[in-house]
Amino acid sequence: MSQTHPAFEVLNYNQQLIQFADAKAGNLIVINSLFIAAAQAGHSSSHPLLLKLVQVPLVLAAGLALAMCLLVIMNRAGLPKMPRKDCIFFGDIAQRKNMNQFVQDFTSCPEQQHLEDSLRRTYILALIANRKFSIYGWAQMLTAAAALIWLGHSALSIVLA
């Protein structure tokens, strides 16, 4: 078994964590969009003022959660730069003059260099995953708050009907 194999497994694992965070954020985007749409659909002149006032924090909580989820799935700057073009990242691979240049660079690179490149990429992916899950945690709390507000709004609308 090659020395780089475990490093590439860790690299792959961290990439999967990033994809998982993006998928979870996508689900919260749908949920919060539904809360906002429902609050806007329920906005009519026949509703008592109290119900309309409850819609304001609902839209704010859902809107903030939605914005945070968008931050989760968007690219973020400020990550460490790699010391050189490696043979792992698609952007670095695509910058080669042609396919033959990439093959030559890859095969002429010592295995230790591939290992170091993999570990550097893994570190960057871990930073990205850490950011995504941190922001996602806040979005999740705001979504839970919006759900509670929506439940309160729904119960209040039944009582006032």
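Select K24 to begin: K24 is partly exposed, at 24% relative accessibility. Partly exposed lies between buried, under 20% relative accessible area, and exposed, over 50% (1.4 Å probe, protein chains only). The model is predicted, so local features need pLDDT of at least 70 and side-chain atom pairs pLDDT 80 or more, while totals for chains, interfaces and linings use all residues. Residues are numbered from 1 along each chain as its sequence is written, and side-chain values use heavy atoms, leaving out hydrogens and water.

K24 sits in helix α1, residues 4-41. Helices are DSSP runs (H or I, at least four residues), numbered from the N terminus.

Next, select L53 in helix α2. Is L53 buried or exposed? L53 is exposed, with 51% relative accessible area.

Now show α2 and helix α5 (residues 111-160). Their axes come within 8 Å and cross at roughly 160°. Therefore α2 is roughly antiparallel to α5, a label for angles over 145 degrees. Axes are lines fitted to C-alpha atoms, for helices over the stretch in contact, with angles from 0 to 180 degrees between N-to-C directions.

Last stop: M74, in the loop between α2 (49-73) and α3 (90-94). M74 is partly exposed, at 46% relative accessibility.

Definitions and conventions
Helices (H or I, at least four residues) and strands (E, at least two) are DSSP runs, numbered from the N terminus. Angles under 35 degrees count as roughly parallel, over 145 as roughly antiparallel, 65 to 115 as roughly perpendicular and the rest as oblique.
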